[in-house]
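Open the structure in your viewer and colour it by chain. Then follow the stops below.

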Amino acid sequence: MSVTVTTPARRKNYLNADYGIKSWLLTQDHKRIAILYLVSITFFFVLGGVMAALIRVELATPLGDMVEPDTYNRLFTAHGVVMVFLFLIPSIPAVLGNFLIPLMIGAKDLAFPKLNLGSWYVYNLGAILMVAALLRGGTDTGWTFYTPYSSTFADSEVILTALGAFVVGFSSIMTGLNFIVTIHRMRAPGLTWFRLPLFVWAHYGTSLIQILGTPVVAIAILLVAAERLLHIGIFDPALGGDPVLFQHLFWFYSHPAVYIMILPSMGVISELITAFSRKRIFGYKFVAFSSLAIAVLGFLVWGHHLFVSSQSIYAGLIFSVLSMLVAVPSAVKVFNWTATLYQGSISWQTPMIYALGFIGLFVVGGLTGTMLATLGIDMHVHDTYFVVAHFHYIMVGGAIMGYLGGLHFWWPKITGRLYSVFWSKISAGLIFVGFNLTFFPQFLLGYMGMPRRYHSYPEEFQILNVLSSAGATILGLGYLLPLIYFTWSMRYGERASDNPWGAYGLEWETSSPPPTLNFDEPPVVTTEAYDYLAMRDKKTAA
Amino acid sequence: MQGESSHSWGLAHHFDSFDQQREASNLGMWVFLVTEIMFFGGLFTAYVVYRSGQGAAFALGSHELDITLGAINTAVLIGSSLTMALAVWAAQTGRRKAIVGFILATILLGGVFLGIKVVEYSAKFEHHLVPGPNFHWNGPEAPGVEMFFNLYFLMTGLHAAHMVIGMGILLVVAILAWRGAFSPENHNLVEGIGLYWHFVDIVWIFLFPLLYLLGRNIQV
Amino acid sequence: MSETITPVRTYLVVFLALMVLTAITVAVAFFELGPLNDIAAMGIAITKACLVILYFMHVRHSSRLTKVVVVAGFLWLLFLIGFTMSDYLTRGMISMQGTIG
């Protein structure tokens, strides 16, 4: 691999290639579209975060003294819907994946640039529908839209929110389709499947879920909307229908959707761990195939959400066993990351702190997931804060740590600027501490029997709830800091070199920020991924 | 900014060759069709689940459908698939007028299909077989029969919506073909819409027996 | 990799086969064959779908990747229907309203 001569400043790149609002809104450059997505999802992350803050304020005291019970229902629904559909699912794929996959595979762009831009517009259309529903009073069904409540009884903006989720789903499908075709058809000469960065493998698995799962939830949501709108009874027991069928269709997507959130994050972690250990990943093929295994197995476990929903006990048994199997590829990843650290030349840069934080939090989230997959335990803690804590450890502790780690790692590449090392380390620490303080008490609360989705609770639960709310404050502060220093760095940050971390990969061989067509010379790949040893030898020789 | 490079006309800037572009377009279409399989799949699942619970009611429902019209429509749609396949063949072999002709024939047959569907729908409407407040059924198993018609209208309705979209795109492709936009090495659009149209045909190939035929043998 | 062009004759033969199969499936539906009715109807539908996929959609001459994509699509549909039915078929005691037998 050739070493690019750094010529910082004033070089033509994708950011200064063209100016004006039109050059952004009509762009077909995957890098600019990634920035558009970054702006959109950051907005919704803040919105969802405000909802979370309101929830935690209400729960600081046992009495429901701040909002009405009905308002509380609408609050946690909005928090869930916004965070899941408008932030977590698009977060890493649509921002980092969009930006990096063509760079990592040495392509000029994704296979379908117009489709890529279209997906952003579709996403925003869906988001507008959801925001409109919010402004009209919100929805009170929870983000899961369970029938028969959503189809028959709920007296809130179910249809608008559901349609919003339906529309956003299509943007997710568009992204997934684009990635699959791009990874198959656009790789640089010499870039075989087993030379791909693991980030790309993880996104391939993610895309499989997006295209295979999303249409099913789309039709399920459409059926709920149809049932409300046309007064027909698809899930109505009076017609021999079954409300639980909705849960089947919903979780066929929505369980794998958890892997849409966590798989890209795992891809990021593989990049970070190798870069900051200066080592080739331990067991490349195992890590690569574990992404696919998680994507496939993830489709066969949805019934563990239905253990107490009149699902047959025999089906429950099958789903329970299959759910535990997902732990195998997940553990493969964790073991291989830690094995990669072993005897590595570890440097404590900010992205690495996020990566190590991810591993710890993901292990907690994953192991409690195995507990919940056990029929007997789930009967006890179903719909308690134990479940809430578990999935936040995966979605926030896992997915968002990975997202932020990745953002800190590739920020110099994306913007061509460096951010404050000091403040970024502070924020990484605050987030780790704040996160644990927020959600670990919820495990205990759930185990003691505190149900989710209530705005008041018995007094003996107060201490743990106050701890949780205090943690949320720290967590919120931790999230606020990057927003500030990233914004600051865009204008005042020191200019970044092409490869500020000394990391391995095609994206580091082009300039920071990259030119519109990504590479001045079409790259040819002749080496394995993460070949840090060869990289070091070459440097020493030079 | 795009497409002004030294590439030959019709090759997007980010592809290296027509082959790469064609393979990407073809794979993209297939992946899209997989999402369509899963989209209809949710309804097929609902059908299987509910039919397994109330086979007798579903048999009663299927007796209300006009098997002759259903069979004719099956033939019409398979015919449209043939003309679509021939349109793709015409594009591969560079016959400009034949592309247009076969696509128009496909649109025409699609129109016939939808016309017959309208006749069927209006008959159901007159007989109060449209689910909802106006649904009325004198015989036994009324709830189950209503569920059957729920699924009948949702499945055939979604299918018909796909046909309308397909016919719209076909019309655009026909105009492009008339203007000479396609060549033997670059006719991805014709091929893509062809795959879509055949997929819509396949959905009907399953809908026809599921809705019209199963349960016919049971005497009611 | 250039395209394989299927001759027009093949399309016509496949079309005829599809028509014959349609006629057979309609005819069979009127005879009382017990569970064989359902099996015949679905078997013929699957055969017809395969003909369309292999010939009209050119999968017979497509890359291995395309074949994998097609198979995966239907496999996932089977996952959806199969695992959902694993619930409904084993609920046993709980019968849905309107169930026969």
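**Before you start.** This is a predicted model: local features need pLDDT of at least 70, side-chain atom pairs count only at pLDDT 80 or more, and totals for chains, interfaces and linings use all residues. Residues are numbered from 1 along each chain as its sequence is written, while chains are lettered from A and ligands numbered from 1 in the order in which they are written.

**Stop 1: two helices of chain A.** Select residues 69-104 of chain A, helix H3, and residues 113-135, helix H4. Helices here are DSSP runs (H or I, at least four residues), strands are E runs of at least two, and both are numbered from the N terminus. How do the axes of H3(A) and H4(A) cross? They come within 11 Å and cross at roughly 165 degrees. Axes are lines fitted to C-alpha atoms over the stretch in contact, with angles from 0 to 180 degrees between N-to-C directions. H3(A) is therefore roughly antiparallel to H4(A) (the term covers angles over 145 degrees). Their crossing is left-handed: the near helix is turned anticlockwise from the far one by less than a right angle.

Now show the side chains. On H3(A), pick Ala78(A), Val81(A), Leu86(A), Pro90(A) and Asn98(A). On H4(A), pick Asn116(A), Tyr123(A), Ala127(A), Met130(A) and Leu134(A). These make the contact (C-beta atoms, placed from the backbone, within 7 Å). By class, 8 are nonpolar, 2 polar and none charged. Nonpolar means Ala, Val, Leu, Ile, Met, Phe, Trp, Tyr, Cys and Pro; charged means Asp, Glu, Lys and Arg; the others, Gly among them, are polar.

**Stop 2: chain A against chain B.** Here 32 residues from chain A meet 31 residues from chain B. On chain A, select H6 (158-185), H7 (198-230) and H8 (243-277); each supplies at least two residues to this side. H7(A) has the largest share, 8 residues. The side of chain A has 22 nonpolar, 6 polar and 4 charged residues.

**Stop 3: chain B against chain C.** Move on to where 45 residues of chain B touch 46 residues of chain C. Which helix of chain B gives the most? Select H1(B), residues 18-53; H1(B) gives 15 residues. The side of chain B divides into 28 nonpolar, 13 polar and 4 charged.

Stop 4: Hide the rest. Chain C has 3 helices and 0 strands, in the pattern α-α-α. Of its 101 residues, 29% are buried (20 or more other C-beta atoms within 10 Å of their own, with C-beta atoms placed from the backbone).

Technical notes:
Two residues are in contact if their C-beta atoms, placed from the backbone, lie within 7 Å. A residue is buried if 20 or more other C-beta atoms lie within 10 Å of its own, exposed if 12 or fewer, and partly exposed in between; C-beta atoms are placed from the backbone. Angles under 35 degrees count as roughly parallel, over 145 as roughly antiparallel, 65 to 115 as roughly perpendicular and the rest as oblique.
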